Amino acid sequence: MDQPLDTDIAVVGAGIIGVACALQLARQGRRVMLIDRQPPGMGASYGNAGHLASEQVFPIADWSICKRLPGMLLDPMGPLRLDWKYLPKALPWFARLLLNLRPAPYQRTVAGLRRLNEGSLSAWQRLLASIGQGELFQGDGSLLVYERPESLQPLVALRTRMQAQGVPVDLWSAERLHETAPQLSDRLLGGLFFPNTGHFVDPYRLLRALFDAALAHGVRFVQAEVQGGQVHAEQVQLSGDHGRIAARQVLICCGAHSAHLTQALTGQRVPLDTERGYHLMLPNERQRLPVAVTSWERRFIMTPMEGGLRLAGTVEFAGLQAPPNLPRAWQLHRLSQGLFQRELSAEGATPWMGMRPSLPDSLPVIDRACAGRVLLAFGHQHLGLTQAALTAEWVGRLADEAAGPEMAAYRLDRF
């Protein structure tokens, strides 16, 4: 990796955020090098739920997490799990999470999520049109369904809260639900329909299409692990397992692995952790659903894709080093039982685990530091796919100019 200074921006991280940013920066005339220890898209971006979740303007956690803590520790198959061995490391992060649930910081989080999410659909439409791949996105909406009568009241309350935030949402009856998705079980009583959402037919194919477009615009890819670096007056030097590389600017967007490099280059510690998520891909169930469907009570999502039906969800706090707990992926199939007229086939199913990069205020870092030498775009938690296209546009601005006041919620120094 030792070479003359012929790189304007080194992008560290080739997930959906990094690849979208690399393409944006190359289109702005930058000489871009994309670096990742894995082939592009093989981290969390490979197996996400595929849902463009622009409706999710509220943090995933609330005060009920305190009551759920014993279950998180004791139930290895629960929708929210905390590995007891990881508890000492996780406690400071959870303490910050609870502090951010106070009224003022909570409202800042909601405003920050809304600002990103309400522009996400149009940003993706622009990006996909620019590479001629509009068919990768199905903008037919999504559903949040319920099966217990007592769930209706909290769902109606959620609709009211969402409408107050400008989120388009309709309350559907059981009849309307089964007209749209006739293969769902009659036990489902209705749900919320979100018209301004949709899903990607194959998240990995999406990333590869963006990566190919980036290569066509001159982006170079290097498979290497960046382990540290230093910021100098005219350049940034990165060090890794293949030597050194120098660039005029560096963009850190390596997801859950971003904290170490951020501290090395900026001196700023960030409370970044990972919410490990699982999926189970069912190759024989391609035609079961027309749109992505989430279960209110069972707390997981089912997304129709080219390769089958993807069951995804659950949150597990166990850190970056623990091996995957793949029975949690198979648990998703058990959760699906009773939701369809005919049970889903698990024949040929494949499990997967990925690491969502999460900060305790549920907002990403999108900022510039060190007089603009270091750019940052990480911590998008469950919304990396949703927010990637708009994040890339913002990073394109940050490469040239300081962040405006509208981006204050995502600043690095908020911690």
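Leaving aside its neighbours within four places in sequence, with which residues is I16 in contact? In this predicted model, the partners of I16 are S45, W124, L206, L207, L210, G384, L385 and A388. I16 also belongs to the residues with the most contacts inside the largest nonpolar core. The points below describe the cores and then helix α6.

**Nonpolar cores**

- The largest nonpolar core comprises 54 residues, and V11, I16, W124 and L251 have the most contacts inside it.
- At least two residues of this core come from each of β1 (9–12), α1 (16–27), β2 (32–36), α4 (103–117), α5 (120–130), α8 (203–216), β21 (374–378) and α11 (384–398).
- The element that gives the most to this core is α1, with nine residues.
- Another core, of 24 residues, lies apart from it and includes V250, L265, A369 and F378.

**Helix α6**

- Helix α6 covers residues 152–164; at 1.5 Å a residue its 13 residues should span 18 Å, and this agrees with the 18 Å between its end C-alpha atoms.
- L155, L158 and M162 are the buried residues of α6.
- These residues lie on the same side of α6, because they cover an arc of only 55 degrees around the axis.
- An α-helix has 3.6 residues a turn, so residues three or four places apart point the same way.
- The buried residues of α6 pack against β6 (142–146) and β8 (190–194).
- Q153 and A164, on the other side of α6, are exposed.
- Just after α6 comes G166, with a positive phi of about 80 degrees.

Methods. Residues are numbered from 1 along each chain as its sequence is written. This is a predicted model: local features need pLDDT of at least 70, side-chain atom pairs count only at pLDDT 80 or more; totals for chains, interfaces and linings use all residues. Side-chain values use heavy atoms; hydrogens and water are left out. A nonpolar core is a set of buried Ala, Val, Leu, Ile, Met, Phe, Trp, Tyr and Cys residues joined through side-chain atoms within 4.5 Å. Buried means under 20% relative accessible area, exposed over 50%, partly exposed in between (1.4 Å probe, protein chains only). Helices (H or I, at least four residues) and strands (E, at least two) are DSSP runs, numbered from the N terminus. Contact means heavy atoms within 4.5 Å. The expected span of a helix is 1.5 Å times one less than its number of residues. The arc is that of the directions from the helix axis to the C-beta atoms.
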